[in-house]
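Reader: I have a model open and would like to learn how to read it. Please take me through some features one at a time.

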Amino acid sequence: MKLLKYSLLLTMLVISGCWDRTEINDLAFVMGTALDLTDDGNILCTLQVAIPSAYSGGSSGGGGGMQEKHFIISAEGKNGNDIHRLLQKESSRRLFFSHRSIVLISERLAKHGIQDTLDIFTHDPRNRLKTYIMLVKGGDAKTILQMKYPLKQIPIEAVKEIEGSGDDLAVTLRDFYISLLTEGLNPVIGVIEPAINVNEMQRQASFRFTGAAAFKNLKLSGLLDERETLGYMWVTDKLKFSRLTAKLPEGNGEVGIMLTHADRKIITQIQQESVKFKIVLDGQGSLVENNSSLNISEPKDLKIMKEALEDASKRLVEDILFKIQKKYKVDCVGFGQEVYKNNPELWTTLKDKWEGQFPETDIQVEVNLTIKGAGMVNSTLELQEKENDE
Amino acid sequence: MKWLNRVKLFKSYNNKSQNQPFLEEDRGFVFTSDIDQNESMLKEEFQYCADVVCRRIEGQLNDEHWLIVYIDNLIDKKTLEEYVVKPMISNIVTDKFPLEITNHSTKVADAVRDILEGHVAILTADKNNVMTVAIPGSPKRSLEEPSSEPVIRGPKDGFIEQISTNLSLIRSRLKTSKLKVEYMTLGELSKTRIAIIYLWGFAKESLVDEVRSRLKPIQLDGVLDSGNIEEYIEDQPFSPFPQIHSTERPDVVVGELLEGKVSILVDTSPFALIVPATFWTGLQASEDYYIRWPVATFVRWIRFLFINFAILAPPLYVAITTFHQEMIPTNLVLSIAASREAVPFPAVLEALLIEVIFEALREAGIRLPKQMGQAISIVGGLVIGQAAVQAGFISAPVVIIVSITGISAFTIPRYSFANGIRLLRFPMLVLAGTMGLYGIVLGFLGIMLHVTNLRSFGVLYFSPVSPYKWTAFKDVFIRMPIWAKAALSMKSRQEQGEGE
């Protein structure tokens with residue numbers, strides 16, 4: 001009996017072991033993927049693959065600063081599986097996707113529809129759902145992968161870092177699929193744009209985050225600019241911190257606030273067949289800039305500033321709501337989802353006509369800001385000088 | 001031909017042993033009143049024993065004479081001359097000596113046994129009995145700090161090879177008649193004295209009985225060290241974990257005795273055995289109880305952490321880098337990949353190689369003369385570490401991991417326990433290299449199953465964690481303040497007393 005037990009254990013070692021063993025130096029670490037649409041309707045997939053030997057040691061790598069830290073391979077195909085097979089033929093090491101930080105989709109492909117391209121990410125377990133997905137505005141997605149970035153050894157890691165910072169809209173594949181499958185919600189992803197700094201001294205290609213892209217039925221329906229994205233993030237409760245500025249009605253200047261807390265509440269008012277929404281936005285922050293002649297230490301002036309900021313915020317949010325309602329006609333904030341949560345039965349009847357009804361829905365916005373602090377100086381420098389003169 | 005002679009001689013010796021049995025085995029031989037006959041009897045017994053001295057001493061005044069027999073190197077000659085020979089010659093005494101007389105007997109076997117133990121046998125003419133006096137004078141090491149369990153704060157004396165000294169070290173710490181010492185002799189030829197020590201009322205009667213009954217049937221020719229005894233009485237000889245603690249420190253023995261454990265001292269061995277032992281006492285150093293408790297608790301946690309490292313660090317590295325690369329942060333995976341770029345071996349082999357080299361270095365470090373120690377550390381550390389990495393034979397992370405593991409094993413205070421842990425690393429490494437994290441989980445499960453099933457003298461090895469006992473828990477994961485612990489043990493003893 002004992003012999004049997006031990007021999008069973010041993011067989012387990014022999015049978016189950018080793019089959020998926022891969023040495024770390026037999027892997028090609030894919031850092032980023034760019035998906036483009038070719039002229040003949042195929043998908044062009046470009047991969048950025050890290051070159052580990054370029055990393056060897058901080059000390060010995062001093063002279064090898066010029067060495068490329070990554071290389072690029074690409075393949076064209078009809079579907080993800082084919083492309084993967086072709087890509088693997090280009091790499092002596094097994095392509096390893098778990099460390100990929102970002103998937104880039106060109107604007108052209110997004111307009112064409114991404115249902116064919118995205119499926120492989122859901123089925124293949126080697127893909128990480130925490131990978132960020134981004135749309136590349138204008139031009140090919142692969143240009144982003146070809147760019148250099150001075151602060152990071154793998155340029156695409158920089159994109160990941162900016163995404164992770166919370167300043168911009170960061171959407172992972174997982175978030176994308178969740179919003180795709182949620183009732184009454186359309187997905188939105190971040191947008192990146194190649195920015196060529198035409199500086200004679202140092203010609204450097206770089207990139208910039210420029211807002212968000214709204215999808216409907218896995219097709220791009222429209223882009224939101226940076227300002228609108230800020231409003232969108234606030235409305236969808238994704239805003240953690242940000243900076244707001246407002247022009248003051250009097251006092252001839254602008255005032256700036258740094259938001260440290262942002263909150264939103266959507267109140268759904270259901271009457272018979274019609275649905276109305278009220279968005280209540282709460283914000284908390286401290287004053288960081290005051291270019292006007294108003295005095296912060298005056299409660300009266302402070303109130304003016306606060307109202308100006310609230311107005312500006314309200315306009316910010318109303319602008320984005322107008323855009324998605326009237327222009328793009330896509331419910332990417334999730335008002336439908338609010339209906340579904342509040343009244344699932346109503347939603348079953350509303351579901352099919354929501355696309356038509358959403359642009360006509362009445363949405364009210366209310367902003368409450370709290371100014372917590374006024375910074376280090378209680379009034380503007382100019383004001384101080386004037387007081388001294390008097 | 002000389003060689004042949006020697007063989008013959010040996011043969012004749014052997015013949016004797018077959019025909020004429022040795023007198024030390026008691027066969028009822030008694031001394032006669034003829035001193036010459038007695039002498040020849042003893043001389044025959046100690047044939048070819050060049051170190052046994054038979055001296056005839058004659059009194060100066062009358063013609064009384066004595067025969068003294070002793071082993072040359074086991075007694076103190078000066079005392080012998082002063083207190084035995086001189087009084088005899090000057091006829092001050094006839095049969096009284098200012099020395100403790102250990103034995104008065106007529107049996108030859110008694111005399112032989114005493115002589116072998118280092119006593120002096122005194123036979124008086126015309127008397128058929130023998131006196132033996134103890135004049136111990138065998139070489140003795142002075143008390144030193146135990147080399148295997150050094151402490152910074154705490155007593156620095158350690159056991160030596162004489163059981164009498166060792167017992168005195170314990171006795172001086174426990175001045176109570178409750179401290180019981182039972183002698184027994186083990187070893188057909190070595191006749192090593194063994195002492196079972198326990199505190200009356202502290203140690204359970206059943207435990208003491210168990211120790212006695214396990215020691216009694218031991219049959220071996222020679223006991224060279226308490227390690228020989230340990231192997232006979234441990235519960236599970238095939239376990240890598242030691243189920244009996246051995247220590248060189250009298251304070252450890254006393255501490256354990258106070259907790260109701262039983263200690264076994266073996267003559268000629270500076271290591272005392274303590275039973276029962278648990279997994280957790282293997283992680284407790286005596287110094288824990290001499291430094292302040294918050295620090296001691298912290299140090300204990302460090303040990304818990306590093307005992308895990310000692311078993312798991314290389315297997316985890318191997319498993320994660322060969323099976324689960326997605327678990328490593330991106331930047332780290334790239335630098336590990338970079339360092340492995342030129343390495344020709346798979347990670348398992350690499351780790352095994354370095355582990356084996358490290359073990360060899362360690363073994364060499366123990367065996368080498370002290371003066372060579374530094375040379376070995378330079379060759380081992382610099383040449384193997386630096387050069388092998390630079391040459392690309394092995395990768396730097398593996399060297400780092402193995403070094404951490406090496407250090408980890410040394411945080412375990414008990415030497416024999418650390419040895420067991422070291423041994424477990426290799427099967428774990430193979431499991432990790434073949435099955436990844438799954439293998440590690442299997443291996444760890446196996447270890448846990450084994451450890452929780454193991455017993456030491458009736459006590460479960462993993463207690464008090466499994467089976468769980470809260471009161472004892474307080475001395476496992478934290479080191480309770482001494483006053484709290486004292487109060488607790490006082491209370492539990494009272495309860496026990498009431499229960500009985």
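Reader: Where is Ile478(B) found?

Author: In this predicted model, Ile478(B) sits in the loop that runs between helix H16 (470-473) and helix H17 (482-499) of chain B.

Reader: Next, strands. How many bridges pair strand E1 with strand E2 of chain B?

Author: For strands, look at the sense of pairing, then at the bridges. Strand E1 (residues 52-58) and strand E2 (residues 65-71) of chain B pair in the antiparallel sense over 7 bridges. E1(B) and E2(B) form a hairpin, with 6 residues between them.

Reader: Which residue of E2(B) is the bridge partner of Ile57(B)?

Author: That partner is Trp66(B). E2(B) also pairs with strand E4 (residues 119-124) of chain B, in the antiparallel sense and over 4 bridges. There, Trp66(B) stands opposite Thr124(B) of E4(B).

Reader: How do I read a pair of helices, and at what angle do the axes of H11 and H12 of chain B cross?

Author: Take the angle between the axes, then list the residues in contact. The axes of helix H11 (residues 347-367) and helix H12 (residues 373-391) of chain B come within 10 Å and cross at roughly 170°. Angles over 145 degrees count as roughly antiparallel, and therefore H11(B) is roughly antiparallel to H12(B).

Reader: Which residues make the contact between H11(B) and H12(B)?

Author: H11(B) contributes Ile357(B), Leu361(B), Ala364(B) and Gly365(B), while H12(B) contributes Gly373(B), Ile376(B), Gly380(B) and Ile384(B). By class, 5 of these residues are nonpolar, 3 are polar and none is charged.

Reader: Now the chains. How many residues of chain B are in contact with chain A?

Author: An interface can be read by its residue count, its elements and its classes. Here 19 residues of chain B are in contact with 21 residues of chain A. On the chain B side, helix H9 (293-322), helix H10 (330-340) and helix H14 (415-435) give two or more residues. The largest share, 9 residues, comes from H10(B). That side of chain B has 9 nonpolar, 7 polar and 3 charged residues.

Reader: And within chain A, which domains does the assignment give?

Author: The assignment gives domain 1 (21-224) and domain 2 (226-390). Their contact takes 16 residues from domain 1 and 23 residues from domain 2 of chain A. On the domain 1 side, strand E8 (204-216) and strand E9 (219-224) of chain A each supply at least two residues, and E8(A) provides the largest share with 5 residues. That side of domain 1 divides into 6 nonpolar, 8 polar and 2 charged residues.

Reader: What does the secondary structure of chain A come to overall?

Author: Chain A has 13 helices and 13 strands. Of its 390 residues, 37% are buried. Among contacts in chain A with a separation of 6 or more, 70% are between residues 24 or more positions apart.

Definitions and conventions. Residues are numbered from 1 along each chain as its sequence is written. Chains are lettered from A and ligands numbered from 1 in the order in which they are written. This is a predicted model: local features need pLDDT of at least 70, side-chain atom pairs count only at pLDDT 80 or more; totals for chains, interfaces and linings use all residues. Two residues are in contact if their C-beta atoms, placed from the backbone, lie within 7 Å. Ala, Val, Leu, Ile, Met, Phe, Trp, Tyr, Cys and Pro count as nonpolar, Asp, Glu, Lys and Arg as charged, and the others, Gly among them, as polar. Domain bounds come from an automatic or database domain assignment. A residue is buried if 20 or more other C-beta atoms lie within 10 Å of its own, exposed if 12 or fewer, and partly exposed in between; C-beta atoms are placed from the backbone. Axes are lines fitted to C-alpha atoms, for helices over the stretch in contact, and angles run from 0 to 180 degrees between N-to-C directions. Angles under 35 degrees count as roughly parallel, over 145 as roughly antiparallel, 65 to 115 as roughly perpendicular and the rest as oblique. Two strands pair if DSSP finds at least two bridges between them.
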